[in-house]
Amino acid sequence: MTYADYTGTGDPRRTIELLWGVREKPRRGPKPKLTVEGIVTAAIALADAEGIAALSVRRGAERLGVSPMSLYTYIPSRAELLDLMMDRVHGELTDPPPSHDWRVTVTILAEDAWEMYHRHPWLLQLTTGRLPLGPHTFAKHERELGAVDAIGLTDLEMDAVVAMVNGFVQGMARGSVESASLVRRSGLTDAQWWAASAPVLAEIPEADAGLFPLAARIGQAAGEAHNAASAPLHTFRFGLARILDGVEQLVSGAARGSERELPS
């Protein structure tokens with residue numbers, strides 16, 4: 001994967017106007033052939049099908065049946081388009097069912113985001129130093145903060161927990177997507193790759209083969225317990241649960257009156 005595309009690099013005023021649907025005064029003349037919504041929809045479909053590298057003004061214009069220059073009438077550049085695409089995809093995320101258990105809510109939100117990244121793997125190729133300031137991205141963040149509100153965390157801790165969970169979800173999803181891509185490119189599942197490698201490993205002298213006993217033992221156990229399809233999801237759920245264990249311990253400590261500070 002490459003990470004050459006950055007969000008939040010377009011003109012701030014124009015980007016926010018586009019994200020929030022701030023319209024210029026209607027002009028006289030024929031009805032516009034395109035809409036911003038239609039352009040974003042076509043761009044997402046192109047990125048889903050061919051990856052973010054295929055996203056260009058020329059390819060977008062081809063899909064919409066217009067000249068490349070006409071797209072600039074609606075969206076100034078690729079930078080603004082990326083923000084619009086990300087915010088639109090964030091709109092696929094929904095409110096979780098009501099629950100009195102904050103861990104359940106956080107888990108539902110995290111798994112929803114996990115599935116979003118797998119539907120739109122190009123999201124993982126964007127560098128998101130500045131997230132789009134759009135309605136769907138704000139709604140996503142509001143839901144995430146709401147999940148850990150009033151459980152005993154300070155405001156700064158709430159923000160840190162949300163960032164930590166989001167970073168974990170994104171990182172694990174990236175590994176899962178890359179693993180699936182490797183299977184497609186190589187034509188071998190992980191099980192088939194190991195089966196092809198095993199006879200060669202068996203030829204390694206016993207003295208050398210015994211240098212990594214833990215790796216051999218744990219690798220075999222993990223391979224037997226999880227097939228290629230379920231292993232990434234299992235690891236994701238296991239890691240998420242351990243993160244929430246840590247948050248729960250932090251909250252329990254606060255309930256007992258212990259003091260803690262975030263690193264400065």
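User: What is the basis of the model and its numbering?
Analyst: The model is predicted, so local features need pLDDT of at least 70 and side-chain atom pairs count only at pLDDT 80 or more, while totals for chains, interfaces and linings use all residues. Residues are numbered from 1 along each chain as its sequence is written, and side-chain values use heavy atoms, with hydrogens and water left out.

User: What makes up the fold, in helices and strands?
Analyst: The protein has 12 helices and 2 strands. Helices (H or I, at least four residues) and strands (E, at least two) are DSSP runs, numbered from the N terminus. In order from the N terminus, the elements are β-α-α-α-α-α-α-β-α-α-α-α-α-α.

User: Why is Thr-137 called buried?
Analyst: Buried means under 20% relative accessible area, exposed over 50%, and partly exposed in between (1.4 Å probe, protein chains only). Thr-137 has 7%, so the residue is buried. Thr-137 sits in helix H7 (residues 135-147). Beyond neighbours within four places in sequence, Thr-137 is in contact (heavy atoms within 4.5 Å) with Asp-87, His-90, Leu-131 and Pro-132. Of the 264 residues in the protein, 35% are buried.

User: Why is the pair of Phe-168 and Phe-236 called stacked?
Analyst: Rings of Phe, Tyr and Trp (its six-membered ring) pair if their centres lie within 6.5 Å; planes under 30 degrees apart count as stacked, over 60 as edge-to-face and the rest as tilted. The structure holds 3 aromatic pairs. Trp-114 and Phe-236 are stacked, at 4.4 Å centre to centre with 20° between the planes. Trp-114 is in helix H6 (residues 102-119) and Phe-236 in helix H12 (residues 231-255), so this pair ties together parts 122 residues apart in sequence. For Phe-168 and Phe-236 the centres are 5.8 Å apart and the planes are at 15°, so that pair is stacked too. Phe-168 is in helix H8, 68 residues from Phe-236 in helix H12. Ring pairs join Trp-114, Phe-168 and Phe-236 into a cluster.

User: How do you know that Trp-114 and Phe-236 are buried?
Analyst: Trp-114 has a relative accessible area of 8%, so Trp-114 is buried. Phe-236 has 0%, so Phe-236 is buried as well.

User: What makes Arg-103 and Asp-245 a salt bridge?
Analyst: A salt bridge is a side-chain nitrogen of Lys or Arg within 4 Å of a carboxyl oxygen of Asp or Glu. The closest N and O atoms of Arg-103 and Asp-245 are 2.8 Å apart, which meets the definition. The pair links helix H6, holding Arg-103, to helix H12, holding Asp-245, 142 residues apart. Arg-103, at 18% relative accessibility, is buried, whereas Asp-245, at 30%, is partly exposed.

User: Which residue lies over the face of Phe-238?
Analyst: Arg-242 does, at 5.0 Å from the ring centre. The rule asks for NZ of Lys or CZ of Arg within 6 Å of the ring centre and within 35 degrees of the ring normal. Arg-242 also forms a salt bridge with Asp-245, at 2.8 Å between the closest N and O atoms. Arg-242 and Asp-245 are 3 residues apart in helix H12, so about one helical turn separates them.
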